[in-house]
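Hi,

Here is the model I promised to send over. Have a look at it first, and then read my notes on its charged pairs below.

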Amino acid sequence: ESKRPPEPTLPDPGNTILITAGPTHEPIDAVRYVGNRSSGRLGVELSDAAARAGWKVILALGPTPLAPSETAVETHRFQTTADLGALLAEHQPRCDVLVMAAAVADYRPARPLTAQQKLRRTGDRLVLELEPTPDLLAQCSARRRPGQCLVGFALEPRAEMLSSARGKLERKGVDCIVANPLETMDASTIDAVLLGRDGSERHTGGPVPKADFAPWLLSAIEEARHATQP
């Protein structure tokens, strides 16, 4: 049974937040791709909650049928990791907070066919060679400007969720990591822990609807920003 998190204090309005959401689709040929089951629901909920709180919201949204309901959200669509990387390079400089909620592919086909080509079925086995994609979160961390807050996500098996998230927090050089278990993907609820660089842990206290988690996370991010400001 899902529970509601503690009632949050909404973030101070007036700043710009850039949110990424949804999966990436890495093409194999004209009709096939390597993807994942991310729905983009959490990122869309975050965008709507931020817009209602008065943020200027930029949403980079992957291939999902979902879309924000708040008309003030500036939405840009992407398909591949490369597409998302280009959007981040364009829009990160003007944001105060970046929330990387998208489920970005770690690997993509090394030699995809063109958009006019299609693999033909044969009786032989097919071997698909994959290559690593660029580490977009690390790139964003490397080019961040002073005062910019970066929030990552770690989707992990529950048994190793916190240890993996702490490692990612240090490797990527971000301010906060949302650690959440694998069952969060494509679900309507989230059971998360927000880890901060100061060693802090904020728990949702069990599964909560993503629509309720969104303002809770935004409030926690704003509290963390204020705590680090002189």
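This is a predicted model: local features need pLDDT of at least 70, side-chain atom pairs count only at pLDDT 80 or more; totals for chains, interfaces and linings use all residues.

Residues are numbered from 1 along each chain as its sequence is written, and side-chain values use heavy atoms, with hydrogens and water left out.

There are 14 salt bridges in the structure (a side-chain nitrogen of Lys or Arg within 4 Å of a carboxyl oxygen of Asp or Glu).

One of them pairs Asp 29 with Arg 32, with 2.4 Å between the closest N and O atoms. Asp 29 is buried at 4% relative accessible area, whereas Arg 32 is partly exposed at 35% (buried is under 20%, exposed over 50%, partly exposed in between, with a 1.4 Å probe and protein chains only).

Glu 70 and Arg 52 also form a salt bridge, at 3.4 Å from N to O. Glu 70 sits in the loop between β4 (56–61) and β5 (74–77) and Arg 52 in helix α1 (residues 41–52), so the pair ties together parts 18 residues apart in sequence (helices are DSSP runs of H or I, at least four residues; strands are runs of E, at least two; both are numbered from the N terminus). Glu 70 is partly exposed at 26%, and Arg 52 is exposed at 51%.

Then there is Arg 111 with Glu 129, 2.4 Å from N to O. Arg 111 is exposed at 65%, Glu 129 partly exposed at 43%.

Finally, a network of salt bridges links Lys 56, Glu 74 and Arg 94.

Cheers
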